[in-house]
Amino acid sequence: MLPTIQGRAAWVFREPNFDIDLIVGVDHMKTQDIEVLKSVCMVDFDSKFPSQVREGDILIGGENFGYGHPHYPSCRALRALGISAIIAESFSPGFYRGESSNGFPLIECPGITSKVERWQTVSFDWDSELLEIKGTGETLQCGRVPQKSKDLILAGGIIGYLKQVRLNQY
């Protein structure tokens with residue numbers, strides 16, 4: 001069973017078609033050093049972001065979030081800083097496929113960018129697929145999260161998932 005996601009909105013990307021590569025900058029698409037990736041994560045948007053974000057925070061995104069080539073350094077940096085999920089109006093299919101395979105929670109929630117402000121706390125319940133905005137009492141019905149995505153999250157990504165499948169075959 002997946003635990004409730006609860007965290008502060010560390011950033012709200014309201015624009016559609018946000019290119020995920022901009023989170024660490026295109027100059028860092030081949031960077032493997034996680035400490036370097038963490039140090040440049042989101043600094044083009046807020047120079048203090050790496051020091052302000054904390055474990056359990058989330059990102060909020062607009063329509064077609066993750067547009068562009070599905071590179072992984074940006075989400076590796078986000079996860080290393082403690083970002084626990086991305087909740088967006090919708091996701092680019094390539095981004096969704098890639099990050100779901102990595103076991104990263106991606107939740108579609110129409111209307112979220114007009115309801116949530118930076119640093120507000122939100123809570124997502126996997127069973128009801130409702131998002132509650134703390135302090136306002138407002139709830140939003142999110143899109144259905146496919147069972148396969150939930151299984152990948154529980155397994156920690158595709159490698160863990162395939163190991164479980166293989167163990168269950170014998």
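Helices here are DSSP runs of H or I with at least four residues, strands are DSSP runs of E with at least two, and both are numbered from the N terminus. The model is predicted, so local features need pLDDT of at least 70 and side-chain atom pairs count only at pLDDT 80 or more, while totals for chains, interfaces and linings use all residues. Residues are numbered from 1 along each chain as its sequence is written, and side-chain values use heavy atoms, with hydrogens and water left out.

**View 1. Helix α3 and what covers it.** Welcome to α3, which spans residues 73-81. Pro73, Ser74, Cys75, Ala77, Leu78 and Leu81 are buried in this helix; buried means under 20% relative accessible area, exposed over 50%, and partly exposed in between, with a 1.4 Å probe and protein chains only. The cover over these buried residues includes α1 (34-40), α2 (49-52), β2 (58-61), β3 (85-88) and α4 (93-101). Just past the helix, look for Gly82, whose phi is positive at about 110°.

**View 2. The largest nonpolar core.** A nonpolar core is a set of buried Ala, Val, Leu, Ile, Met, Phe, Trp, Tyr and Cys residues joined through side-chain atoms within 4.5 Å. The largest one has 28 residues, and Ile23, Phe49, Leu59, Phe65, Leu78 and Ile86 touch the most other members. At least two residues come from each of β1 (5-12), α1, α3, β3 and α4, with α3 giving the most, 4 residues. Another core lies apart from this one; its 21 residues include Ile107, Val116, Val122 and Phe124.

**View 3. Around Ile86.** Setting aside residues up to four places away in sequence, Ile86 is in contact with Leu59, Phe65, Cys75, Leu78, Phe91, Phe95, Phe104, Pro105, Leu106 and Ile107 (contact means heavy atoms within 4.5 Å).

**View 4. Cysteines.** The whole structure holds 0 disulfides, a disulfide being a pair of cysteine sulfur atoms within 2.5 Å. For Cys75, the nearest cysteine sulfur belongs to Cys41, 9.0 Å away. Cys75 counts as buried because its relative accessibility is 0%, and Cys109 counts as buried because its relative accessibility is 0%.

**View 5. Thr113 in its loop.** Find Thr113 in the loop between β4 (106-108) and β5 (121-125). Thr113 counts as buried because its relative accessibility is 13%. Its side chain makes a polar contact of 2.6 Å with the side chain of Glu89. Such a contact is a pair of N or O atoms within 3.5 Å; within protein, one must be able to donate a hydrogen and the other to accept it, and residues adjacent in sequence count only if both atoms are side-chain atoms. Beyond four places in sequence, the contacts of Thr113 include Val12, Phe13, Arg14, Ile60, Gly61 and Gly62.
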